[in-house]
Amino acid sequence: MDQILLGQVKKLQSKDADERYAAYKYVINLTNEPVDWAYQVWDDMLQLLHNGDNHQRSIAAQMLSSLAKSDPEERMLKDLHHLIAATKDEMFVTARHSLQSLWMVAVASDELKKKVVDQLSKRFNECTKEKNSTLVRYDILEVFRKIYNEKPDEKLKNKCVSLIDTEEDPKYKKKYAGLWKDLMKVTKAKK
């Protein structure tokens, strides 16, 4: 890891919002492709996920999710529960950012995909009593759609259809189905 990158990673913990955000944009952009320095920051991001302020926790969750593609040791298999827990962060925006980034974990390997889909399906069913349950459910279905777009899978599509069918409010059922509308039309047209 070069000195510039090391400096930017340190700035992810800055209390200065502008400095922290600039560092985040710099580092997250590098993780669009696999990197060879993932394990040099992995444990720091786990620490930040637990001990940082809400902005830092959000950054840590997104960084770890994006680093999943750079994880030949498969550490994410044992650390995924930290990211799943972050989807219930006390700060809703942090929880949402954590949740919305999980698609990157799921597309890193078939085993991670299964774990993410299983955990988020469970969360979809259990979140109905939460304050922002409809947003959580929408985000989960959106994560599934992003996974599907990267790795098409009929079982995942069918799981989403069955989850959407559990929604009792027609307004939200329609909204959720909108994420899969193009694929549902194709399916109906083939019949």
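Contact, as the word is used in these legends, means that heavy atoms lie within 4.5 Å. Every view is drawn from a predicted model.

**View 1. Thr 94 and the residues around it in the predicted model.**
Thr 94 has its place in helix H6, which covers residues 92–100. When the neighbours within four places in sequence are left aside, Thr 94 is in contact with Asn 54, Arg 57, Ser 58, Ala 86 and Asp 89. With one of these residues, Asn 54, the view shows a particular pair of atoms: a polar atom of the Thr 94 side chain lies 3.0 Å from the backbone oxygen of Asn 54. Thr 94 counts as buried because its relative accessibility is 3%, and buried means under 20%.

**View 2. Helix H8 beside helix H9.**
Helix H8 (residues 110–126) and helix H9 (residues 133–150) have axes that come within 9 Å and cross at roughly 160°, so that H8 is roughly antiparallel to H9, a description that applies to angles over 145 degrees. The crossing in which H8 passes H9 is left-handed. On the side of H8, the contact is made by Lys 113, Val 116, Val 117, Leu 120, Ser 121, Arg 123, Phe 124 and Asn 125, while H9 contributes Val 136, Arg 137, Ile 140, Leu 141, Val 143, Phe 144 and Ile 147. Sorted by kind, the residues of this contact between H8 and H9 are 10 nonpolar, two polar and three charged.

**View 3. Helix H5 beside helix H8.**
The axes of helix H5 (residues 76–86) and H8 cross at roughly 25° and come within 11 Å, which means that H5 is roughly parallel to H8, as angles under 35 degrees count as roughly parallel. The crossing of H5 and H8 is right-handed. Met 76, Leu 77, Leu 80 and Ile 84 of H5 make the contact together with Glu 111, Leu 112, Lys 115, Val 116, Gln 119 and Leu 120 of H8. The residues of the contact of H5 with H8 divide into seven nonpolar, one polar and two charged.

**View 4. Lys 171 in helix H11.**
Lys 171 is found in helix H11, made up of residues 170–177. This lysine is exposed because its relative accessible area is 57%, and exposed means over 50%. Between Lys 171 and Lys 78 the separation is 93 residues in sequence and, from C-alpha to C-alpha, 38 Å in space.

Conventions:
Residues are numbered from 1 along each chain as its sequence is written. This is a predicted model: local features need pLDDT of at least 70, side-chain atom pairs count only at pLDDT 80 or more; totals for chains, interfaces and linings use all residues. Side-chain values use heavy atoms; hydrogens and water are left out. Helices (H or I, at least four residues) and strands (E, at least two) are DSSP runs, numbered from the N terminus. Buried means under 20% relative accessible area, exposed over 50%, partly exposed in between (1.4 Å probe, protein chains only). A polar contact is a pair of N or O atoms within 3.5 Å; within protein, one must be able to donate a hydrogen and the other to accept it, and residues adjacent in sequence count only if both atoms are side-chain atoms. Axes are lines fitted to C-alpha atoms, for helices over the stretch in contact, and angles run from 0 to 180 degrees between N-to-C directions. Angles under 35 degrees count as roughly parallel, over 145 as roughly antiparallel, 65 to 115 as roughly perpendicular and the rest as oblique. A crossing is left-handed if the near helix is turned anticlockwise from the far one by less than a right angle, and right-handed if clockwise. Ala, Val, Leu, Ile, Met, Phe, Trp, Tyr, Cys and Pro count as nonpolar, Asp, Glu, Lys and Arg as charged, and the others, Gly among them, as polar.
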